[in-house]
Amino acid sequence: MANGQEQAAPDAVMTRIGQVVMLHHAGDREEARHRFLQLWAEIGGDGDPLHRCTLAHYMADTQDDPADELAWDLRALTAAEELTDDRLGEHQGTLAVRALYPSLHLNLAADYVKLGRSGAARTHLRHARRAAGALADDSYGDGVRAAIGRLELRLGEGSPDGDGRWGPPRQRP
């Protein structure tokens, strides 16, 4: 029994983050933000990169101000850059760190769109697209790729034929 508790201890923070995510998804955004802030204070800015990345990623979704959302998404990216495949594997099995980057960059692109910074949005959208090859062919990967495609359409970026346009070429008068 003690051995099982020792193995569960490193994931206790992830469990708590997951509980707050459920609270947020249930509609209590303010309480979720409050609890995430409490967890962040416990973890600290130099805490476990997996905990910081996960918490900051979800904390961004609870923000009302796009600038605050951007700040949390940047924290998530910074923590991901410190994260190793071994550490992530302890929690997520075979998931590689590189599989986190499409979503992280997509979120940053969306943040920059909200802030009216289309150049920065396009940069992160290109990073997301390049990193998308690391995604599995599953519902999560399909969802992230679809979201990348939707934001590309919104920003007029990319296309299947690589010329930056979607659909048939426009007729010239």
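Which residues of α9 are buried? I take buried as under 20% relative accessible area, exposed as over 50% and partly exposed as in between, with a 1.4 Å probe and protein chains only. The buried residues are Gly141, Val144, Ala147, Ile148, Gly149, Leu151, Glu152 and Leu155.

Ground rules. I am reading a predicted model, where local features need pLDDT of at least 70, side-chain atom pairs count only at pLDDT 80 or more, and totals for chains, interfaces and linings use all residues. Residues are numbered from 1 along each chain as its sequence is written, and side-chain values use heavy atoms, with hydrogens and water left out.

Entry, helix α9. I take helices as DSSP runs (H or I, at least four residues), numbered from the N terminus. The buried residues of α9 pack against α7 (101-114) and α8 (118-131), with contact meaning heavy atoms within 4.5 Å. At the start of α9, I found a side-chain oxygen of Asp138 within 3.3 Å of the backbone nitrogen of Tyr140. After α9 comes Gly156, with a positive phi near 70°.

Entry, salt bridges. I searched the whole structure and got 10 salt bridges; the criterion is a side-chain nitrogen of Lys or Arg within 4 Å of a carboxyl oxygen of Asp or Glu. One of them joins Arg129 and Glu152 at 3.0 Å, N to O. This pair links distant parts of the chain, with Arg129 in helix α8 and Glu152 in helix α9, 23 residues apart. Arg129 counts as partly exposed at 34% relative accessibility, and Glu152 as buried at 7%.

I also looked up Arg145 and Asp142, whose side chains meet at 2.8 Å, N to O. They are three residues apart in helix α9, so about one helical turn separates them. Arg145 is partly exposed at 21%, and Asp142 is partly exposed at 44%. Elsewhere, salt bridges with shared partners join Arg29, Glu30, Arg33 and Asp64 into one network.

Entry, aromatic pair. I count one aromatic pair, using ring centres within 6.5 Å for Phe, Tyr and Trp (its six-membered ring), with planes under 30 degrees apart as stacked, over 60 as edge-to-face and the rest as tilted. Trp40 and Trp72 form an edge-to-face pair, 5.0 Å centre to centre with 90° between the planes. Trp40 lies in helix α3 (residues 29-43) and Trp72 in helix α5 (residues 66-82), so the pair ties together parts that are 32 residues apart in sequence. I find both Trp40 and Trp72 buried.

Definitions and conventions
Helix = DSSP H or I, 4+ residues; strand = E, 2+ residues; numbered from the N terminus. Polar contact = N/O pair within 3.5 Å; in protein donor to acceptor, adjacent residues only side chain to side chain.
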